[in-house]
Amino acid sequence: MRKFRETSKGRLIRPAVFILFALALAAGLAQFSGVNVSANHPVYLEGNCDSPVPGTTLVAPGTCGDFDGDGRIGTAEDTD
């Protein structure tokens, strides 16, 4: 009976399959063992105004969904 010789291809595939399996297992564990995160206060979304025109970014302070009172809503809040 001849002893089976491992090819160089076989030596490379086994660790690659093991690493791929380990990464898939780690990703699955991370996905299903997440921590419940929630705010213990209301979270306001600024920029929910369709008046005067949709896409408006500057409004009177404190109106039209401007909850922090700076007069900026929508994309203007991104640089606030």
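A helix here is a DSSP run of H or I that spans at least four residues, with numbering from the N terminus. Keep that in mind as we walk through this chain, which is a predicted model.

Let's start with the overall layout. The secondary structure comes to one helix and zero strands. That helix, α1, covers residues 8-32, and I19 lies in it. I19 also belongs to a nonpolar patch on the surface, together with F18 and L23. Between them, these three residues have about 350 Å² of accessible area.

Now zoom out to the whole chain. Of its 80 residues, 11% count as buried. The chain exposes about 7200 Å², and 63% of that comes from carbon and sulfur atoms. As for contacts between residues at least 6 apart in sequence, 15% of them join residues at least 24 apart.

Finally, take a look at R72, which sits in the segment after α1. R72 and A60 are twelve residues apart in sequence, and their C-alpha atoms are 8.3 Å apart in space.

Conventions: Residues numbered from 1 in each chain as written. Predicted model: local features only at pLDDT ≥ 70, side-chain atom pairs only at ≥ 80, totals over all residues. Heavy atoms only, no water. Patch = residues over 30% accessible without salt bridge, like charges linked within 9 Å, V, L, I, M, F, W, Y side chains within 5 Å. Areas by Shrake-Rupley, 256 points an atom, 1.4 Å probe, with all protein chains shown as cover. Salt bridge = Lys/Arg side-chain N within 4 Å of Asp/Glu carboxyl O. Helix = DSSP H or I, 4+ residues; strand = E, 2+ residues; numbered from the N terminus. Buried < 20%, exposed > 50% of the residue type's maximum accessible area, 1.4 Å probe, protein only. Contact = heavy atoms within 4.5 Å.
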